[in-house]
Amino acid sequence: MTMSNPTPTRLTPTPGQTVGPFYGYALPYNKDRELLAPGTPDSIRLQGTVYDGAGHPIPDAILEIWQADAEGNVPHRTGSLVRDGYTFTGFGRSAVGHTGVYTFTTVNPGPTKAGAAPFISVVVFARGLMNRLFTRVYLPENEDALAADPLLRSLEPERRRTLIARRDADGGLTWDIRLQGEGETVFLDFEGSDAGGAAQ
Amino acid sequence: MPEEVTIDIFNADPITEDVSDDATEAAPTTHASAVPALDAAAESQADLSAEMKAIGEAYAQALRNGAAAETQPRLDYAPYRSSVLRHPTKDLHHADPETIEMYSPAFGHMDVHALESDLTIAHNGEPLGERIIVSGRVLDGDGRPVAGQLVEIWQANSSGRYIHKRDQHPAPIDPNFTGVGRCITGADGSYSFTTIKPGAYPWKNHLNAWRPAHIHFSLFGQEFTQRIITQMYFPGDQLFPLDPIYQSILDQDARDRLVATYNHEQTTPEWALAYNWNIVLTGSKRTWTENEALGADGDDHE
């Protein structure tokens, strides 16, 4: 059963601020990037590099992913911060290393409805990045589903390409993020035009 | 009781607030009298302040011409030099949230121990500084409490020093203070942390750059699109007009949303000063179930 909000009171959202340089002792936690234990059957590695506008890797970015499980179900399980090694919570966090590389151990998400193109939701934070950026990484298979995807359909081919991962020989996914410049990743605004702010 | 927080850094990267990638690292200065050598080539506060003033005046003019007030920081805000190569130059692309984006990871008391909200008890002794209680509520843009969700904070100690090996500010580390806390919001969206008021600290954006005292806050809503990380400031800080990170929010009303208020009623006699700060996330994109609307989300009902 659903009910609508009885008294809608639109409040103005609190501004974001940069994550800064010193999150390293606060946000990372044990097994933060292991949505599944490495080596689990059907687990894959999702990895990539975060680049700045000069094409240099960014050594102080931190990413989070949030995704459906292999069957396309949205997880509703606690335990992302204290992993029990069995429960798939759908959430992971990975600070990049000094070469700008992040890694996650996860599964290929299933389609959340029939015919939908599976993707992983991603949020990016970095020193020097004033506010978080949302994006998506799509699995490269099933071109029909990708062609029908509402977001991908709304993008020019060279921009669309930035949201689709490459399938590695070992079954993993590689997907780089470019904050600026040539091949700049498509970042998303979910708020529409009424949220105020400059392109937030 | 949280485990003793290790001061071994996961993210052992060359993190400084320098602009250039090849900035020479100053030798760590631990002696109290060792004042670091100043970089004569660095830009002055006057240069930066003039730049910030020009951007602020252009914004004020745009408002007078009927532009909508900005509620978030500019991603492209050159006075924060590290942002120059780290902001997208293309407009954010509008997307309607789908499936996974309309839900949030679930956190609960399995993830976070109740004592993690007290940053003053993580070690054997009392930390130095002004003990404070920071509390408030997390609401969504429709005014509904964000119940059962994760709040994470981190901050400098009372001397303005972070427990981070790349923080080279020659201010003392406090062996009794790490500066990391977490909690899960209550059914009414409430959170509360007991901590120490952080000090201001210098950084290398320009010569004589100092950050106003602040606490970093990381928040989850009931939908992943509501995720934010931000900073809470303290009222009346004289560094506000000088700080490019605070100033990257051009609108004064929006800036004020990051500043806590002092609350004498909640101040505990002979113990701790109280500050209040409410956080508003973006509005919901999803029709809520009755349980959620009644604030029954979160864990402990698995």
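This is a dialogue about reading a two-chain contact in a predicted model.

Trainee: Before we start, which conventions apply to this predicted model?

Mentor: Residues are numbered from 1 along each chain as its sequence is written, and chains are lettered from A and ligands numbered from 1 in the order in which they are written. Because this is a predicted model, local features need pLDDT of at least 70 and side-chain atom pairs count only at pLDDT 80 or more, while totals for chains, interfaces and linings use all residues; side-chain values use heavy atoms, with hydrogens and water left out.

Trainee: Let's begin with chain B. How many helices and strands does chain B have?

Mentor: Helices (H or I, at least four residues) and strands (E, at least two) are DSSP runs, numbered from the N terminus. Chain B has four helices and twelve strands.

Trainee: What percentage of the residues in chain B are buried?

Mentor: Buried means under 20% relative accessible area, exposed over 50%, and partly exposed in between (1.4 Å probe, protein chains only). In chain B, 54% of the 302 residues are buried.

Trainee: Now the interface. How much area is buried between chain B and chain A?

Mentor: The size of an interface is often given as the accessible area lost when the parts come together. Here buried area is the accessible area (1.4 Å probe) that two parts lose on being put together, summed over both. For chain B with chain A that is about 8700 Å², and carbon and sulfur atoms give 60% of it. Arg86(B), His93(B) and Ile100(B) supply 10% of the area that chain B buries against chain A, more than any other three residues. Counted by residues, the contact takes 103 from chain B and 90 from chain A.

Trainee: How many residue pairs are in polar contact across the interface of chain B and chain A?

Mentor: A polar contact is a pair of N or O atoms within 3.5 Å; within protein, one must be able to donate a hydrogen and the other to accept it, and residues adjacent in sequence count only if both atoms are side-chain atoms. Across this interface there are 40 such residue pairs, with both residues at pLDDT 80 or more. Several elements of chain B each supply at least two residues to the side touching chain A, including strand E3 (150–155), strand E9 (228–233) and helix H4 (290–293). E9(B) gives the most, with five residues.

Trainee: Could we look at one pair? Which residue of chain B makes a polar contact with the side chain of Asp60(A)?

Mentor: The side chain of Arg86(B) does, at 2.7 Å. Asp60(A) lies in the loop between strand E1 (44–51) and strand E2 (61–66) of chain A, and is buried with a relative accessible area of 0%.

Trainee: And where in chain A is Trp66(A)?

Mentor: Trp66(A) is in strand E2 of chain A, and is also a buried residue, at 0% relative accessible area. Not counting residues up to four places away in sequence, Trp66(A) touches residues of both chains, among them Val74(A), Phe91(A), Tyr103(B) and Phe224(B). A polar atom of the Trp66(A) side chain lies 2.8 Å from the backbone oxygen of Ile100(B).

Trainee: Are Glu152(B) and Arg93(A) buried or exposed?

Mentor: Glu152(B) is buried, at 1% relative accessibility, and Arg93(A) is buried, at 0%. Their side chains meet in a salt bridge of 2.8 Å, N to O. This pair crosses between chains, from strand E3 of chain B to strand E3 of chain A.

Trainee: Which salt bridge partner does Glu51(B) have?

Mentor: Arg81(B), with the closest N and O atoms 2.6 Å apart. Glu51(B) sits in helix H1 (residues 45–64) and Arg81(B) in the loop between H1 and E1 of chain B, 30 residues apart. Glu51(B) is partly exposed at 27%, whereas Arg81(B) is buried at 13%. Elsewhere, Arg10(A), Asp140(B), Asp142(B) and Arg144(B) are joined into one network by salt bridges that share partners.

How values were computed: Contact = heavy atoms within 4.5 Å. Salt bridge = Lys/Arg side-chain N within 4 Å of Asp/Glu carboxyl O.
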